[in-house]
Amino acid sequence: MAAALVERPARTVAPGGSARNRGKRRVSRWLVWNKWTPYLLILPAVLMELLIHVIPMLVGMWMSFIGLTQFFITNWATAPGVGFGNYRIALNFNNSLGEKLVQSFGATLGFTLLVVGISFIFGISASLMLQHNFRGRGLLRTVFLIPYALPAYAGIITWKFMFQRDNGLINEFLVNTLHITDDAPFWLIGGNAFVAVVIVAIWQQWPFAFLMTMAGMQGIPDDLHEAASIDGANIWQRIRYITLGMMRPINAVLLLLLFLWTFREFNTPFVLFGPVPPDSANLLTVNIYSSSFIQWNFGLGSAMSVLLMLFLVVIAGGWALWNRRVNRNA
Amino acid sequence: MREERSFQIARWVVLVPLIIFTVAPLYVMITSAMKPLVDVQGAFQWLPTNFTLQPFIDIWATVPLAKYFGNSLIVSVCATAFSVVIAIFASYAISRYRFRGRGTFSGVVLSTQMFPGVLFLLPLFIIFVNIDKTLGFTFLYQTQVGLIVTYLTFTLPFSIWMLASYMDGIPRDLDEAARVDGTTALGALFRVILPAARPGIIAVAVYSFMTAWGEILFASQMTNSATRTLSVGLQSYATETDVYWNQIMAASLVVSVPVVLGFLLLQRYLVAGLTAGAVK
């Protein structure tokens, strides 16, 4: 069950021996079908992917090597080539842009680790607690999924209201209900902005972790729990040795997905702070956005995008290697 | 199986904070939408003291919400329809055929999931502008067509993957029998696979619609005042002088209701479809 999930991407990217043999057998059986049918079937998808994903990606890489500033927007073909100039500016940590990129990278990494870690813990705890039937289980499951169903901007804009200094719920609660502080803090500017963006992102992400872990737990056969129960294992031991053990492959995929999605999260900081966020919450994607569309330096923006993409490719590649080793040892 | 007392206590220790965390914004959204403007400008009130439904009337006048609503509806419905149809064909090919390039196609489609949207936004912006310049009229840049094309492609990779997993679960004997009886490939798809894959198709449609309805990044650059969608339009309730928080909350509520209702009604399918690949 779980192995299938992990194997799928690996198999499609690089067909292994067994898949190829199975493929051959099928080819002979399916050869009666017209040879061109599958190509016609995927043609629309291929065209759309080319137009919206593949070509723009190649253009984006090319753009990172030219000095595409506001002077060349309408006449982009005449923009001068600058070689690795944009990368040199982005990675020159002595100038202000490079320094900002490093700071932004650090903020994004911290943001991602916190959001992924806490969302995962929330998601799996809720799934564990909802494993067995009890009154209100169905209702709770629905309630927990609402943030996932809500359009991103509606949820985030509500949080923005809650974080307002003078009329938000958070300060009302901290100052007038709990009396923790007399001085209402600002949440959307300065250092607290980082806390705010992390909280909102967790609110949005954890339902997905909940959904995936819940589905994973449904796949664990009841016999295992029953057998362990007869052998005298209490519920905590069953959770530790059966549920969490069986969940490992799904958790690995879930953590990777959450990491990739959170690292390139754009909606949360953009709706909370607008195109120019406070330094503490200056996440990479918004940084790239403002370099490109506020300062109109597309070349630099593209170079930063390519760096961001390379980082994610390295993470995903490292994950795949680690996952393969773990599976071989297991 | 017996549930230990410690587990029953732990259950509520874990669940109660999560419920509060999840529900608090929903509570704020609903109650604030029913307060007059002065009440949302002062300190936060836990309960609405001057209950009013006026914000739900005002939202349509303060900004052209109906137009944004219509734009979002057109874009989301078209993107969903095209995306589902294209994904059905592609996933059918992946699930039922072994052809040269199948691995490459799946690999490329899946890997696009990894790349940040900003990376596509800049080049797409330039590509759209230049296609329009070549055509001589505005076809893609800041039009609904451009937005539809973009959104449908965004949802394609995940839709194809999800539907292909779902179709893998439908026994081959079914369509092979139809083939033996002399149906064409498309005939087998329409008469056998589609009815059997209905839950998966509904899941893909819900996912596509939610994605298009909630998208912000591309909507912020790829629309103008005529094609503006809700995700960007909602921010215009904040003017230089006043932020109409009660109206923002009312508008957020109004634009959320269709998707949340749809999600709740079709939740079963979405969960089944989402997990078809994971649980199999």
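**Entry 1: make-up of chain A.** I counted the elements of chain A and got 14 helices and zero strands. Helices here are DSSP runs of H or I with at least four residues, strands are runs of E with at least two, and both are numbered from the N terminus. Read from the N terminus, chain A runs α-α-α-α-α-α-α-α-α-α-α-α-α-α.

**Entry 2: ground rules.** I noted that this is a predicted model, in which local features need pLDDT of at least 70, side-chain atom pairs count only at pLDDT 80 or more, and totals for chains, interfaces and linings use all residues. Residues are numbered from 1 along each chain as its sequence is written, chains are lettered from A and ligands numbered from 1 in the order in which they are written, and side-chain values use heavy atoms, with hydrogens and water left out.

**Entry 3: burial and contacts.** I looked up how much of chain A is buried (under 20% relative accessible area, with exposed over 50% and partly exposed in between; 1.4 Å probe, protein chains only). Of the 330 residues in chain A, 52% are buried. The accessible surface of chain A is about 15,200 Å², and carbon and sulfur atoms hold 63% of that. Areas come from the Shrake-Rupley method with a 1.4 Å probe; for residues, only the protein chains shown count as cover. I then took the contacts (heavy atoms within 4.5 Å). Among those in chain A with a separation of 6 or more, 67% join residues 24 or more positions apart.

**Entry 4: record against model.** The unreviewed UniProt entry lists residues of chain A under "transmembrane region", including 109-130 and 241-263. UniProt positions are in the numbering used here, feature names are shortened, and annotations may be inferred rather than shown by experiment. I checked residues 109-130 of chain A and found 95% helix and 0% strand, with the end C-alpha atoms 31 Å apart. Residues 241-263 of chain A gave 100% helix and 0% strand, and their end C-alpha atoms are 31 Å apart.

**Entry 5: positive phi.** Most residues other than glycine have a negative phi. I found A:His179 with phi near 55 degrees, a positive value. A:His179 sits in the loop between helix 8 (169-177) and helix 9 (192-218) of chain A. Is A:His179 buried or exposed? A:His179 is exposed, at 56% relative accessible area.

In chain B, B:Gln142 also has a positive phi, near 55 degrees. B:Gln142 lies in the loop between helix 6 (117-135) and helix 7 (144-168) of chain B. B:Gln142 is buried, at 18% relative accessible area.
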